[in-house]
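Please look through the sequence and the model shown here before reading on.

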Amino acid sequence: MNVNKRIIRVLVVIALLFLALASYLLWFNMFRAQSVYTNSYNRRQWESEQKIKRGSIYSSEGELLAETEIGSDGSRIRRYPRGRLYSHVIGYSSQVYGKTQLEMTRDSDLIGKGNIGLTIGDIRPGNDLHLTILDYLQEYAYDQLDGRHGAIVAIEPTTGQILAMVSLPDFDPSSIEEDWEEIMEDPDSPFLARATRGLYPPGSTYKIATSAAVYENGRTTETFDDPGVFKKGDVEVSNYGGEAFGSIDIKTAFEESSNYVFCSLGYEMGADGVRAEAEKFGVNKDIEFDIPTSKSEIQYKRMTDLDAALVSIGQGGLVMTPLHVAMMGAAIANGGRMMKPYLVETVTTENGTVIGQTRPSVLYESAGAACAAYVQDMMIGVVEEGTGTTAQIDGITVAGKTGTAETESGEDHSWFVGYAPAESPRICVAVLLENNGTPGGRTAAPIARNIMRRFLNE
Amino acid sequence: MGIERLKSVSYRKPAYLLILLDALGFLLLFMNKDYNLNVLYTGAAVLALFLTMYTVLVLGRMGDKFIMLMVFMLISIGVLLLCRIDLSYGFRQIVWILVGGAVFFIAYFVYYKVKVWNKLWYLYFIGGTLLFLITLVLGDTVNGSRNWISIGSVISFQPSEITKILFIMCLACYASGSWSKPVFGKVAPKWAALIITYIFVGFLVLQRDWGTILVMFSIYLFMIYVYEPDRKLLVLNIIALVVIGLLGWKFLYHIQVRIANWLDPWSDISNRGYQISQSLFAIASGGYFGSGLGNGSPYYIPLVHSDFIFAAICEEMGVFGGVAVILLFFLIAYRCFKISIMAEDPFDKAVSFGVTVMFALQTFIIIGGVTKMIPLTGITLPFISYGGTSIVISFASLGIIQAISAKTESAESGAAAKERKEERDER
């Protein structure tokens, strides 16, 4: 009898092994298959493309962004009529170097996988992608960046639609095979999509999240005596330019971007409090997006309260992607609800039948409506009378926050995140100028203002 | 009572489903292969073999009726894919199934009739050792393992497949307690079994047949887990396994390569990572429902007709198809475990247990290997992979299992008949 009992136990072990096999197979198909399939060594993808015409990609207005031409000898050329403008959104599709960005993640749509071919031998068309990006705004943002290294992300706060997304430096996706060596050796890493993969300290723009925590802890009415420097243990942080504000309330501290006040608040909230607030805004979590993103995170193994003080002003171990900073601003604009960002509005067949549509969805409830209104009020103050006056637009209320993030090596990063109109936000813009060395209010804010104005005037 | 219930579960419906799968599958392939009639002949041959064997099995009351159904489901899927990859593999596989079927009945009757199996441990040991020696002297190296023997140029086979069965029979002698006399008056059977295991594993190391080592050693471990009251032996053996594994990893180049390929096949994709990455490409391209029979590109996968056939299944029948195959294997293992639990004779119990564990582990190791869940060690997928030795030995082990099942059933029905007779007498 004892023997049978043990045999049953062995049966259970074997059952678990088989269960593991089946689960692994499903897991592989869900999470690994796509990146494995698009490996350039996989001959299948090119073979399947011999039978199809890869789909085109269009902007929101219907501007052609990518298409495939088939030569008389059957050779295929992937053309990108807008040149470099979308290199960090659409990516490239190369037989030698594989695929990146939308060309990779939406590969099965573009090659029309699952479409049923009614005729044999004919070339089947793939499906087309229609993006949320406005081509005119994308070009305008590109020109605004004017060759400087950095990123611009414009997002619609109520839906999460990406209206424009630019990263510089970039590359020409149509000549990737000739330029490969040169791009790979370039120390400025043109292949890094800074808007989605670049991780930067967000600087004072992160005070948006810290203020949300201030509201939730019921500390909005406190005043501080700001000596200009926050000094505790071996940490010493001074206000921008070393200015001492004296007796100051939180609203003014936000508008003037007092590091002393926000470091003190962060220190008092402690490591757990600061981390919890960051996670409400999606820090330490993967952002599911149409193209690969890096995870914004607080990079401490063990975070102390002093570390928390630094994180509260967007320094220390905190790094975020420009996309994520834009989402943080957009969450406040949208009454505290962070929407899931997306790039692909619809997928259609060659003759225009819609076969896939992205619906807006809430990613995180980052803050309550009253809390968002409180933060918005301070953000309006920043533009009206604080560090971000350069973001003002005639006749329109703009809310925003500047940031000037110190880096371990090199010049400061200049930041601005803002949205307009504050009463019913239609666009939120985040601007990052990498190692620009200027305060965000001077350089980044005017860029964001121009983009918002251009969009609202359209 | 038990028999009444067994009868009420119909084996007809699954049989019809199997016929339907064959009909649809081969018809689809027929159209896909430019209406090549040979496809239909192959399909008809599979069906004919199934119907003949199954009829004999049912009418002859040869034990469990469900295992054979599931086995032929696997065989059908295998032949279908082999035909799709290369028709000539399909034909030759049919021949092997024919031979395998014959061996199945031979194994069945020989095992059923002969009563002294549990006394012959030394014959199994000597037989196994001889097979190893022959392989070492005459063997050919195929895919890095020196475990093939060719006779003439037509027939080649892997003796280690036979050795596995001999090994199980030998262990079963010890496990069932029928081998109780110490060897040379000194070595107790449990130590003798241990020595035999390590000798066999040693031979396999010389042949670099890591997959078989894994299967054999695991059979041994499971066997002593179930049968050996001395827990120390189990613990010591597991420690030995870990130590030997670590030493192998540290010093044996072949094992290092396998581990490195498992952790990261992509960095050396054109050389050592080639096989596994091609297999993963195939699985990734299939998606949930597969490209459909005949629409994928399984030619890119090396050894697709034998070790890597599961990747082709996933490519053309999808991950769901792959999971279905895994479930079939599990159900077969489940039925076999049931037979082992029901068996009354201790030797029969141990043999069916060993054979079942062998079957299940072999499946797990190769499917896990080609999907990169565990390091890849080349062994065949039972009943699906192309190959004479694999098919014939799988059928032989099935014959043994069926014989044990039939013995139990006839003992039960005998007991039931006796009961009924007693009831009548009382009245």
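**A helix pair, a strand and an interface**

The crossing of α3(B) and α5(B) is left-handed, meaning that the near helix is turned anticlockwise from the far one by less than a right angle. This is a predicted model, in which local features need pLDDT of at least 70 and side-chain atom pairs count only at pLDDT 80 or more, while totals for chains, interfaces and linings use all residues. Residues are numbered from 1 along each chain as its sequence is written, and chains are lettered from A and ligands numbered from 1 in the order in which they are written.

Helix α3 (residues 37-59) and helix α5 (residues 87-113) of chain B pack at an angle of about 15 degrees, with their axes 10 Å apart. α3(B) is therefore roughly parallel to α5(B), a term for angles under 35 degrees.

Strand β8 (residues 128-131) of chain A is covered on both faces, with A:Asp128 and A:His130 buried on one side and A:Leu129 and A:Leu131 buried on the other (buried: 20 or more other C-beta atoms within 10 Å of the residue's own, C-beta atoms being placed from the backbone). β8(A) pairs in the parallel sense with strand β2 (residues 57-58) of chain A over 2 bridges, and in the antiparallel sense with strand β18 (residues 344-348) of chain A over 4 bridges; strands pair if DSSP finds at least two bridges between them. A:His130 stands opposite A:Tyr58 and also opposite A:Thr346 in β18(A).

Between the chains, 27 residues of chain A are in contact with 35 residues of chain B (C-beta atoms, placed from the backbone, within 7 Å). α1(A) gives the most to the side of chain A that touches chain B, with 21 residues.

Methods:
Contact = placed C-beta atoms within 7 Å. Buried ≥ 20, exposed ≤ 12 C-beta atoms within 10 Å, placed from the backbone. Axes fitted to C-alpha atoms, helices over the stretch in contact; angles between N-to-C directions. Parallel < 35°, antiparallel > 145°, perpendicular 65-115°, else oblique.
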